[in-house]
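Subject: Structure handover

Hello,

Please find the structure below, with the sequence. My notes on it come after.

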Amino acid sequence: IVFKNTPEAGLGVPLPEGVVRIFGQDSTGSLQLLGEDNVSHTPVGQEVRLALGLDFDVTVERTQTEFLRASERITISAHRLDVSNAKSEPVTVRLVEKMQGDWQITEESDAHLPVPGGAEWRIEVPALGKVQVTYRVRVRF
């Protein structure tokens, strides 16, 4: 879950460091724990990211398919992300690849979004289906 700590999002107050628990209603209307995560001290206006747990029906297998040291300070590598969805409904998967140094994606199967410290892809995976995401990155250290 990702949201901004703003009044428009229902908060807008400094959040202390601690455990956040998220509950939702099940099919009978009873409360059920959906997951929990730790949150750092978060000032108003900052983004809050909560990782509530693993979804065992959606898996990602990451494979590095190429690596080249182009110079003493530059590497070029290629990667493949195989995403599988065993659910009976389609899902949107957020893939985040952490990258260090001065990086540039030179080829990709799907357009990425730059995020702090890396790149993000949002991929629709059909019910009982698979999707493959590939990219090549040039990194200067």
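The notes cover salt bridges, pockets and one backbone angle.

This is a predicted model, in which local features need pLDDT of at least 70 and side-chain atom pairs count only at pLDDT 80 or more, while totals for chains, interfaces and linings use all residues. Residues are numbered from 1 along each chain as its sequence is written, and side-chain values use heavy atoms, with hydrogens and water left out.

Salt bridges

A search of the whole structure gives eight salt bridges (a side-chain nitrogen of Lys or Arg within 4 Å of a carboxyl oxygen of Asp or Glu). One of them joins Arg21 and Glu36, at 2.9 Å from N to O. Arg21 is in strand E2 (residues 18-25) and Glu36 in strand E3 (residues 31-39), 15 residues apart. Strands here are DSSP runs of at least two residues, labelled E and numbered from the N terminus.

Arg136 and Glu66 also form a salt bridge, at 2.6 Å from N to O. This pair links distant parts of the chain, with Arg136 in strand E11 and Glu66 in strand E5 (residues 58-69), 70 residues apart. Arg136 is partly exposed at 21% relative accessibility, and Glu66 is partly exposed at 33%. (Buried means under 20% relative accessible area, exposed over 50%, and partly exposed in between, with a 1.4 Å probe and protein chains only.) A network of salt bridges links Glu66, Glu107 and Arg136.

Pockets

The largest pocket holds about 640 Å³ of space. A pocket is an open set of points on a 1 Å grid over the protein atoms alone, where a 1.4 Å probe fits, with protein on both sides within 12 Å along at least five of seven lines; lining residues have an atom within 4 Å of a point. Grid points are joined across faces, edges and corners, and the volume is the space filled by probe spheres set on them.

Of the 14 lining residues, Ile1, Leu50, Ala51, Leu52 and Gly53 lie nearest the centre of the largest pocket. Strand E7 (residues 91-98) gives the most to this lining, with three residues.

The second largest pocket has a volume of about 180 Å³. It is lined by 13 residues, and Ser77, His79, Met99, Val137 and Val139 are the closest to its centre.

Backbone

Leu128 has a phi near 55°, a positive value in a residue other than glycine. Leu128 sits in the loop between strand E10 (118-125) and strand E11 (130-140), and is exposed at 65% relative accessibility.

Regards

Key:
Helix = DSSP H or I, 4+ residues; strand = E, 2+ residues; numbered from the N terminus.
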